[in-house]
Amino acid sequence: MSGEMIALVMSGLLLLGLFMGHPLAFVLGGTAVLGAFIADRPQVLGIVINRIFGDVLDNYVLIAIPLFVLMARFLSDSGVTDRMFEALRHLMSRVSGGLGLAVVFISILLAATTGIIGASITVMGMMALRPMLQYGYDKRLATGLIGASGCLGILIPPSIMLILMASYAPGLSVGQLFAGAMIPGLLLGVMYAIYVVIIAWLKPEWAPRIAESEQISRGAMWKMLIVEAVPPLILILGILGSLLAGIATATEASAIGAALALLIVIARGRFQWRTFYSALLETGRTSAMILFIVVGATAFTGVFNITGGLRASQDLIRGLADDPYTLIAVMLLVVFILGMFLDWTGIVLLSFPIFLPLVNEMGVDPLWFVILMAVVLQTSFLSPPFGYALFYMRAISPPHVTTTDIIIGVLPFIVMVLMMCAAMILFPALVTWLPLALYG
């Protein structure tokens, strides 16, 4: 069977399994097995199993994933985020749109300390959505802002997605990807904050300021903010400082982060054996889910490659245009469309084996392309019909906030993500400057 036919058959089986509602990990693995037998090459499954043991189970970089998940859970148990939001809420109380700005800043902080999208959106939604609605914020602005800001966790380091990308991008380290994503991630957060300011200026009734009766003195506000900002700043410096300075690897930095987060829980008097046990269980479930998808995707791409489907897919993309930027635009469009139906894990593991060899052939900087792709993947959480952020927001929103409100609310933020991609294409130094400064 030709490579073109294998590509069509395996892609069709993959889509069929997903639309039938089966878990992605088992759809990928099952498609790999069926593809091997349909191509009449069942012997490739032995090669794929060896590849899984060699590339996945022996990949020490992936150890950072459960440690960062554990760190995120410890930080949630410590109550740091709740108090930081309260401090920023009072600090911004005299400004129109102040609650929205507090959401953006806390989301950036959460992104820099957890990197877990579900946790960031849920925590911010529980803390901020009801106060925003009670103060008269437009429900579409409030839900869109919380959902989009919570998604910054997959871009701003430490990011589980960047760790997984580094392990599947030859020649790129976790530190390089963290450094490359830093400026685009922060700029995207700044764009969200500017959007809130503009909305508050044009339509003050959509983002009103807090009533004067609830405002506290400036001295008390700054004291509260300084006290509550110290623990997360120590955590961020411990992780990113040790990693970017070359003192620790990604795995070691994740261990430092988990240990510091546990110390914060103990220092705040929030440690309980029951919650500690619950944190370990949740870490095990989340890590197992991610690694099952990694194993399934490794099996799929292994069979896809050996049977000729990978080469056929690359030839198809090469034939679309001669200009490198046109081909990159096509790749990003594919990622954007896949983001409407798949989560980032599946997209990364399925697309990297096809895209990265083509990027290297074209002489394009792979670091720049990977970070560009990471920014586009922000939309995978926001794009209907299967954007995870939409489901998280639906779960924590009151009944009068409809799913339609949430979808309309995130649309401006999808546009801002695409604007950030355009800026990175026009000014590649937004990605490459910091890695070059740190790593040469």
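This dialogue concerns the side-chain contacts and surface of a predicted model.

User: How many salt bridges does a search of the whole structure find, and what is the general idea behind such a contact?

Analyst: Side chains of opposite charge can pair when their charged atoms come close. In this model, a search of the whole structure gives five salt bridges.

User: Which residue forms a salt bridge with lysine 139, and where in the chain do the partners lie?

Analyst: Lysine 139 pairs with aspartate 405, and their closest N and O atoms are 3.3 Å apart.

User: Which helices does the salt bridge between arginine 140 and aspartate 405 tie together?

Analyst: The side chains of arginine 140 and aspartate 405 meet at 3.0 Å, N to O. Arginine 140 lies in helix H8 and aspartate 405 in helix H19, so this pair joins parts that are 265 residues apart in sequence. Arginine 140 is partly exposed, at 36% relative accessibility.

User: What distance separates N and O in the salt bridge of arginine 318 and glutamate 361, and which residues join them in a network?

Analyst: The distance between N and O is 2.6 Å. Arginine 318 is in helix H14 (residues 309-318) and glutamate 361 in helix H16 (residues 344-361), so the pair ties together parts 43 residues apart in sequence. Arginine 318 is partly exposed, with a relative accessible area of 30%. Salt bridges with shared partners connect Arg311, Asp315, Arg318 and Glu361 into one network.

User: How are aromatic pairs to be read, and how many are there?

Analyst: The angle between the ring planes gives the label: under 30 degrees is stacked and over 60 is edge-to-face. The count comes to ten aromatic pairs. One of them joins phenylalanine 271 and tryptophan 273, with 5.1 Å from centre to centre and 80° between the planes, an edge-to-face arrangement. Phenylalanine 271 is partly exposed at 30% relative accessibility, while tryptophan 273 is exposed at 65%. A contrasting geometry is given by phenylalanine 300 and phenylalanine 304, whose planes meet at 15° with centres 5.5 Å apart, so the pair is stacked.

User: Where do phenylalanine 300 and phenylalanine 304 lie, and are they buried or exposed?

Analyst: Both lie in helix H13 (residues 273-306), four residues apart, which is about one turn of the helix. Phenylalanine 300 and phenylalanine 304 are both buried.

User: Which residues form the nonpolar patch on the surface, and which elements give two or more residues to the patch?

Analyst: The patch is formed by Leu15, Phe19, Leu333, Ile337, Phe341, Phe386 and Phe391, which together have about 710 Å² of accessible area. Helix H1 (3-19) and helix H15 (324-338) are the elements that give two or more residues. Leucine 15 lies in helix H1 and is partly exposed, at 47% relative accessibility.

Terms used: Residues numbered from 1 in each chain as written. Predicted model: local features only at pLDDT ≥ 70, side-chain atom pairs only at ≥ 80, totals over all residues. Heavy atoms only, no water. Phe/Tyr/Trp six-rings, centres within 6.5 Å; stacked < 30°, edge-to-face > 60°. Buried < 20%, exposed > 50% of the residue type's maximum accessible area, 1.4 Å probe, protein only. Patch = residues over 30% accessible without salt bridge, like charges linked within 9 Å, V, L, I, M, F, W, Y side chains within 5 Å. Areas by Shrake-Rupley, 256 points an atom, 1.4 Å probe, with all protein chains shown as cover. Salt bridge = Lys/Arg side-chain N within 4 Å of Asp/Glu carboxyl O.
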